[in-house]
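Me: I would like to go through the labels used for this model and see what each one rests on.

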Amino acid sequence: MAGPVGRRGTNASQSIRGSRIAVAIVIGVLLGCIFAVLYPHGLFSDISNPTSHFRSRRLSKSNPKIESTSCESPEEVNKLKSEMSDLSNKNDELKKQVRDLTVKLQASEQKNGQSDSDQRIVPVSTPPKPGPFGTVKGTTINPTILPDPTINPRLAKILEKLTTQKEVIVALANSNVKSMLEVSVSSIKKAGIPNYLVVALDDGIVDFCKENDVAFYKRDPDEGIDSVAKSGGNHAVSGLKFRILREFLQLGYSVLLSDVDIVYIQNPFNFIYRDADVESMSDGHDNFTAYGYNDVFDEPSMGWARYAHTMRIWVYNSGFFYLRPTIPAIELLDRVAERLSKPPPAWDQAVFNEELFFPSHPGYVGLYASKRTMDRYMFMNSKVMFKEVRKDENLKKLKPVIVHVNYHPDKLPRMKAVFEFYFNGKQDALEPFPDGSDW
């Protein structure tokens, strides 16, 4: 009995062992299939490049056809690669559409006055590629705004008749400065400048313009402006311009703002560069003060570091500047007008320059406007005229575009003398005046 029983036990043991091997083979095959799906590029290559594993998982979820990649023919693999390329191209196109829509949204927010200071970065649809060393030039020219004639239809009609070039000289005046306006207007006519407009701040100026065939515009009643316009002096009236000029820019016109203490000898539009948001004459009296210089500050107590280099430039004159109809130019007007409307009282020229030049720093967002300084001999202030030009025989032959009598309180007689010198050839007309002021 023992023999047969031993053989049956041996057979049973072999049978169980065989079953286990079969099960192991099945399990191995199953695991192989699982790894083939999860790691189509090989287990160790996927471990060394984990991103490929997750990319395969995402693709297998999004497209069931890819689950059997390892078993597909070369044609099907090429087809899948083509599909992936198409998806990549579509993704790039969607990204471009998002960038374009972002730009349009930013422009819309600016138009509606909803753009905050922390939303100033506008993405471009196509990032620029810099050229070789020494060839890269940044642009200073901001795009002009979309004109809105509904802002002031009456003013829009006046400007349309006055100029076809979308730019105009604008002067604000009340009866207190009528005598200076007369000289300025006479020079405008002598220089043959057609696109000149007076913003009449009272009825006396309206009558003057009608009598002398001068284009004018009288604003609709505004209590906040009228109280200053009718009785304010030169500086008070000068502060109003930042509110009034905004409408001109919104209508799409470039504006050359002009105080009334200016004598025109040539048409300024023949000398404007139009490559910046703001183009202004300078109060500087030489090339350093007008265009900027390195000023060294000496502090002996600092020893080795006693010398500190600073950059200085004399202020732009807020009585003669050219604005293109751009967002930064309008923002400049808004900033200055807002500050001048609040205490403490401030000089409009100081505020104008602070807003134009102060950079962004903690707690303050500066104005991102491009600027250009006008030629100091072409757009001449009265310090340059009476301290330098009239004393130099060569410079006296120069024909400036304007002379702005901004440095001297005896404005009217000096304006008349400048007019006589340049238009009537009276060579000694400038001689009676001191360099500065007797006051």
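Me: Why does Phe 242 count as buried?

Reply: Buried means under 20% relative accessible area, exposed over 50%, and partly exposed in between, with a 1.4 Å probe and protein chains only. Phe 242 has 1% relative accessibility, so Phe 242 counts as buried. The model is a predicted one: local features need pLDDT of at least 70, side-chain atom pairs count only at pLDDT 80 or more, and totals for chains, interfaces and linings use all residues. Residues are numbered from 1 along each chain as its sequence is written, and side-chain values use heavy atoms, with hydrogens and water left out.

Me: What makes Phe 242 and Phe 321 a stacked aromatic pair?

Reply: A pair of aromatic rings is described by the distance of the centres and the angle of the planes. Rings of Phe, Tyr and Trp (its six-membered ring) pair if their centres lie within 6.5 Å; planes under 30 degrees apart count as stacked, over 60 as edge-to-face and the rest as tilted. By this rule there are ten aromatic pairs. In one of them, Phe 242 and Phe 321, the centres are 6.2 Å apart and the planes are at 15 degrees, which is stacked.

Me: Which parts of the chain does the pair of Phe 242 and Phe 321 tie together?

Reply: Helices (H or I, at least four residues) and strands (E, at least two) are DSSP runs, numbered from the N terminus. Phe 242 is in helix α9 (residues 234-250) and Phe 321 in strand β9 (residues 316-323), so the pair ties together parts 79 residues apart in sequence. Phe 321 has a relative accessible area of 0% and is therefore buried.

Me: What makes the pair of Phe 242 and Phe 352 tilted?

Reply: Its rings are 5.9 Å apart, centre to centre, and the planes are at 40 degrees, which is neither stacked nor edge-to-face and counts as tilted. This pair links helix α9, with Phe 242, to helix α12, with Phe 352, 110 residues apart. Phe 242 and Phe 352 are both buried. Ring pairs join Phe 242, Phe 321 and Phe 352 into a cluster.

Me: How do you know that the side chains of Gln 349 and Asp 283 make a polar contact?

Reply: A polar contact is a pair of N or O atoms within 3.5 Å; within protein, one must be able to donate a hydrogen and the other to accept it, and residues adjacent in sequence count only if both atoms are side-chain atoms. The side chains of Gln 349 and Asp 283 make such a contact at 2.9 Å.

Me: What places the charged end of Lys 371 over the ring of Phe 357?

Reply: A charge sits over a ring if NZ of Lys or CZ of Arg is within 6 Å of the ring centre and within 35 degrees of the ring normal. The charged end of Lys 371 is 5.2 Å from the centre of the Phe 357 ring and sits over it. Arg 414 lies over the face of Phe 386, 4.5 Å from the ring centre.

Me: Why is β4 described as largely enclosed?

Reply: Five of the five residues of β4 are buried, so the rest of the structure largely encloses it. Ser 254, Leu 256 and Ser 258 lie on one side, Val 255 and Leu 257 on the other, and all are buried.

Me: What makes β3 and β10 the edge strands of their sheet?

Reply: Two strands pair if DSSP finds at least two bridges between them. The open sheet has seven strands in the order β3-β2-β1-β4-β9-β6-β10, with mixed pairing. Strands β3 (216-218) and β10 (371-373) each pair on one side only. Within the sheet, β1 (residues 167-173) and β4 (residues 254-258) run parallel and are joined by four bridges, whereas β4 and β9 run antiparallel, also with four bridges. Ser 258 stands opposite Phe 320 in β9.
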